[in-house]
2 protein chains.
Amino acid sequence: MTEHVSLALSAAERSCRSKGLALTPVRKRVLQLLLESQAPVKAYDLLAALKPGGGAQPPTVYRALDFLTRAGLVHRIEALNAYTACLHADGHGSAELYICEDCGQVEERHRKISGEAGPGGFLISRSVIEHYGRCSDCASAQASA
Amino acid sequence: MTEHVSLALSAAERSCRSKGLALTPVRKRVLQLLLESQAPVKAYDLLAALKPGGGAQPPTVYRALDFLTRAGLVHRIEALNAYTACLHADGHGSAELYICEDCGQVEERHRKISGEAGPGGFLISRSVIEHYGRCSDCASAQASA
DNA sequence: CTCCGGGATGTTATATTGTTGCGCCAAGGG
DNA sequence: CCCTTGGCGCAACAATATAACATCCCGGAG
């Protein structure tokens, strides 16, 4: 396990403990798999990675993802049906994601939007913001090609 | 058919003709169903509405939706797996959607984001922006309840 | 006119993604 | 001890989406 992964895992454990949430082995393992991946991971790929023998069933991974998402440790990427670990473990509300279509890397920026007002008095409770394109590395690689 | 629906349909026909696109009967019917709905519609609901006898198959509606989306006449709502007619038929790039979780109505604002730069030189080609919450009507109804 | 080619649609089957429902078990409070 | 509660295993299924191939129709080339 690389260092940043174990660091993030212990941070997650502390965060959960402080909120009275149980970071059980299954949940921790799912989070670890997401942290180790450079790119977003699909639920069924996590499932396959969880139990190579094929023993794990869908609800296992979906329940873990649901927990991790609600705990603010993981983001679901709506347009890809995929998941990525949240690197800013403070978990305050909505994130804005920049997803490179070349290398799959996800950059994350936080905006506090919840509670803000949209047009005509619309009251926002949750936002999905996903930008697709090329990260600077891939953009320059492409330009030079 | 209410007036705004027929107006939108003729606008769509003109728009397609000017671009050399074929707004065939199936495509037009799907667009009409979306225009008539107050809320986003799922692909399989469209399918059921298309041919009450159950004769239509999934590819029919998915192909129509693909065409309409690429023509800028329809938006896909990623977090709902649903579709809604685009009311600003000019179809310039990304839309920002405000989706009321009470009544289902979708408000639409346009931002031209494509080509803009994100953090660290990220080059955006397409954005998904969906805000969930309550429209002003539903927010005030709730407040008074 | 005939033939050909491309786009649109029909048809069948399958892949992918996500959920429901039930039961077991272990931890903790009375 | 008993009972509740939350987490997990398990089986089945529901919902969403695509692949692959056949057919039809129309418009242009010969």
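Modeller: Happy to! In this predicted model, a polar atom in the side chain of R63(A) sits 2.8 Å from a base nitrogen of DNA strand D. Phosphate oxygens of DNA strand D are approached too: one is 2.3 Å from an N or O atom in the side chain of T24(A), and one lies 3.2 Å from a polar side-chain atom of T60(A). The elements giving two or more residues to the surface near DNA strand D are α2 (25-36) and α4 of chain A, along with α4 of chain B. In total, 16 residues surround DNA strand D, and the closest are T24(A), R63(A), K42(B), Y44(B) and R76(B). Of the atoms of DNA strand D within 4 Å of the protein, sugar and phosphate make up 49%. By class, the residues near DNA strand D are seven nonpolar, four polar and five charged.

DNA strand C is surrounded by 17 residues, with K42(A), Y44(A), R76(A), T24(B) and R63(B) the closest. From chain B, T60(B) places a polar side-chain atom 3.4 Å from a phosphate oxygen of DNA strand C. Here α4 (58-70) of chain A, with α2 (25-36) and α4 (58-70) of chain B, are the elements that supply two or more residues; the largest share, four residues, comes from α4(A). The surface near DNA strand C has seven nonpolar, four polar and six charged residues.

Terms used: Residues are numbered from 1 along each chain as its sequence is written. Chains are lettered from A and ligands numbered from 1 in the order in which they are written. This is a predicted model: local features need pLDDT of at least 70, side-chain atom pairs count only at pLDDT 80 or more; totals for chains, interfaces and linings use all residues. Side-chain values use heavy atoms; hydrogens and water are left out. A residue is near a molecule or strand if one of its heavy atoms lies within 4 Å of it. A polar contact is a pair of N or O atoms within 3.5 Å; within protein, one must be able to donate a hydrogen and the other to accept it, and residues adjacent in sequence count only if both atoms are side-chain atoms. Ala, Val, Leu, Ile, Met, Phe, Trp, Tyr, Cys and Pro count as nonpolar, Asp, Glu, Lys and Arg as charged, and the others, Gly among them, as polar.
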